[in-house]
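Here are my notes for your read-through. Please keep the structure open and follow the points in order.

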Amino acid sequence: MNRNVEHSDWLSFTPTLSPRSIDLLYADPPFNTGKAKTGTRGHAAKYQDSWPTTASYIEWLRDRLAATLPALKPTANILLHVDYRTSHHVRLLLDDLLGPDRFVNHLIWTYGLGGSSPRSFARKHDDILFYCIDPKKYYFKPPRVPATSRRMKGQTKKATDVIDIPSLNNMASERTGYPTQKPLALLELLIGACSPPGGTVLDPCCGSGTTLVAAANLGRRPIGCDQSPAAVRTARRRLALKQSGK
Ligand SMILES: C[S@@+](CC[C@H](N)C(=O)[O-])C[C@H]1O[C@@H](n2cnc3c(N)ncnc32)[C@H](O)[C@@H]1O
């Protein structure tokens with residue numbers, strides 16, 4: 001059995017980690033959409049995504065982030081993946097927990113797919129808040145992405161804070177059927193930029209295990225947990241496939 005992934009609540013899992021052992025905390029918690037999330041393609045996964053108030057959601061997150069901070073190295077980074085519903089509240093929460101001078105970037109992941117409303121601009125991005133533990137020490141290697149201009153055809157350029165990577169379509173081979181599964185390409189870009197080679201990457205809401213597989217692909221040590229048994233099964237299966245080289 002793969003011990004990189006535990007079946008646990010984030011709150012009870014991270015205090016069991018060694019102090020100052022984690023290089024990158026990436027968390028993609030429920031977004032407080034108000035609707036339960038269920039799997040596709042017969043996937044048994046289901047998780048609740050509803051809090052009575054925004055304030056109670058933020059308190060839930062505050063408790064878990066605070067319980068995780070002792071496990072982070074002084075050179076570590078935090079990436080918190082949320083959306084328009086709470087990003088402004090979560091930014092204030094992180095300012096409060098860490099200090100506003102620990103803010104590094106507000107990343108926009110723009111993904112294209114999905115519906116639109118006749119009453120608003122189409123909502124096509126998530127927000128990833130990037131904070132560090134120590135502004136003088138944090139690890140960062142600027143990622144490079146393919147250049148799009150004709151002049152630089154075939155070359156790469158430094159990535160900006162707007163990351164344009166498609167979300168997984170129904171035919172994508174990496175798709176597991178787990179709800180809100182993120183693309184490996186997104187996690188590989190983030191992990192490559194924000195954690196050192198050989199470092200340890202923690203995802204305490206690991207879902208289908210995308211972060212953990214991306215970390216393993218890049219030679220980082222993955223650690224994760226999820227409260228859902230179906231998530232843990234899926235993440236363990238994906239990591240085992242990776243380790244067997246399939
Ligand atoms: C947005 S999904 C993560 C999707 C994941 N990034 C992926 O690519 O598959 C959020 C996850 O948080 C988990 N979760 C919710 N509350 C949790 C808690 N208190 N502790 C640990 N995991 C939790 C859910 O079960 C769900 O798998």
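1. Start with Arg20. This is a predicted model, and Arg20 lies in its loop between helix 1 and strand 2. Arg20 counts as partly exposed because it has 13 C-beta neighbours inside 10 Å. Its phi is near 50°, a positive value in a residue other than glycine. Most residues other than glycine have a negative phi. Please look at the backbone here.

2. Asn32 also deserves a look. Its phi is positive, about 60°, although Asn32 is not a glycine. Asn32 sits in the loop between strand 2 and strand 3 (37-38). Is Asn32 buried or exposed? Asn32 has 21 C-beta neighbours inside 10 Å, and the cut-off for buried is 20 or more, so Asn32 counts as buried.

3. Go back to the loop between helix 1 (10-13) and strand 2, where Thr14 lies. Thr14 is buried, because 24 other C-beta atoms lie within 10 Å. Which residues does Thr14 touch, leaving aside neighbours within four places in sequence? The contacts are Ala67, Thr68, Ala71 and Pro204. Leu80 is 66 residues from Thr14 in sequence, and the two C-alpha atoms are 16 Å apart in space.

4. Helix 2 covers residues 54-68. Its length checks out: at 1.5 Å a residue, its 15 residues should span 21 Å, and the end C-alpha atoms are 21 Å apart, which agrees. The buried residues in helix 2 are Tyr57, Leu61, Leu65 and Thr68. Seen down the axis, these buried residues fall within an arc of 60°, so they line one face of the helix. The general rule is that an α-helix has 3.6 residues a turn, so residues three or four places apart point the same way.

5. Now compare the two sides of helix 2. The buried residues pack against strand 2 (22-27), strand 5 (72-82) and helix 3 (87-98). The face turned away from the buried side carries exposed Ala55, Ser56 and Asp63.

6. Strand 7 (residues 125-132) is mostly covered, with seven of its eight residues buried. Which way does strand 7 pair with strand 5? The sense is antiparallel, over six bridges. His81 stands opposite Ile128 of strand 7.

7. Strand 7 also runs antiparallel to strand 6 (residues 103-110), and seven bridges join them. Phe103 has Tyr131 in strand 7 as its bridge partner. Trp109 stands opposite Asp126 in strand 7.

8. Strand 6 has a parallel partner in strand 10, joined by three bridges. Ile108 stands opposite Val162 in strand 10.

9. Last, the ligand. How many residues surround the ligand? There are 20, and the closest are Tyr47, Cys205, Gly207, Ser208 and Thr210. By class, this shell has nine nonpolar, seven polar and four charged residues.

Methods
Residues are numbered from 1 along each chain as its sequence is written. This is a predicted model: local features need pLDDT of at least 70, side-chain atom pairs count only at pLDDT 80 or more; totals for chains, interfaces and linings use all residues. A residue is near a molecule or strand if its C-beta atom, placed from the backbone, lies within 6 Å of it. Ala, Val, Leu, Ile, Met, Phe, Trp, Tyr, Cys and Pro count as nonpolar, Asp, Glu, Lys and Arg as charged, and the others, Gly among them, as polar. Helices (H or I, at least four residues) and strands (E, at least two) are DSSP runs, numbered from the N terminus. The expected span of a helix is 1.5 Å times one less than its number of residues. A residue is buried if 20 or more other C-beta atoms lie within 10 Å of its own, exposed if 12 or fewer, and partly exposed in between; C-beta atoms are placed from the backbone. The arc is that of the directions from the helix axis to the C-beta atoms. Two residues are in contact if their C-beta atoms, placed from the backbone, lie within 7 Å. Two strands pair if DSSP finds at least two bridges between them.
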